[in-house]
Amino acid sequence: MVILIMALFAILAFLASMTIKKSGIRYAVTLIMFAGLILSVIMVIANMHDHYGMTSVTTTTKKKFTPQVQVHKILVCYCTNRLELTAKKMLIFIKLQHKIKNDGG
């Protein structure tokens, strides 16, 4: 929209300087059109730099996460299962060694 207004001011300034015969009126109208063109350019630059008329809104919410099962309970169960499995393996290994010693010796 602003670019169309800039083009309109440029065309009107050109037409005013070429078609108006009286020099006083021609200079006044051309000056007004160029002032409008310069003001439009300044507004475009201000809009690009500061995003004139737009505000930035951010919303932050904090929530505490509490799991249903505590992590330490899961770790204790995992470690206990691992120890039981290791103990069973060791027991089987010892039984096998004992059986080999008894059968072989």
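Helices (H or I, at least four residues) and strands (E, at least two) are DSSP runs, numbered from the N terminus. This is a predicted model, in which local features need pLDDT of at least 70 and side-chain atom pairs pLDDT 80 or more, while totals for chains, interfaces and linings use all residues. Residues are numbered from 1 along each chain as its sequence is written, and side-chain values use heavy atoms, without hydrogens or water.

Of the 105 residues, 7% count as buried (under 20% relative accessible area; exposed is over 50%, partly exposed in between; 1.4 Å probe, protein chains only). The accessible surface of the chain is about 10,000 Å², and carbon and sulfur atoms account for 71% of that area.

Helix α2 covers residues 23–50, 28 residues in total, and spans 40 Å from its first C-alpha to its last, close to the 40 Å expected at 1.5 Å a residue (1.5 Å times one less than the number of residues). Its buried residues are Thr30, Met33, Gly36, Leu37 and Ser40, and they pack against α1 (2–19).

Ser40 counts as buried because its relative accessible area is 9%. Leaving aside residues up to four places away in sequence, Ser40 touches Val2, Ile5, Met6 and Phe9 (contact means heavy atoms within 4.5 Å).

Leu8 lies in helix α1 and is partly exposed, since its relative accessible area is 48%. Together with Ile11, Leu12, Phe14, Leu15 and Met18, Leu8 makes a nonpolar surface patch of about 590 Å².

Definitions and conventions: Patch = residues over 30% accessible without salt bridge, like charges linked within 9 Å, V, L, I, M, F, W, Y side chains within 5 Å. Areas by Shrake-Rupley, 256 points an atom, 1.4 Å probe, with all protein chains shown as cover. Salt bridge = Lys/Arg side-chain N within 4 Å of Asp/Glu carboxyl O.
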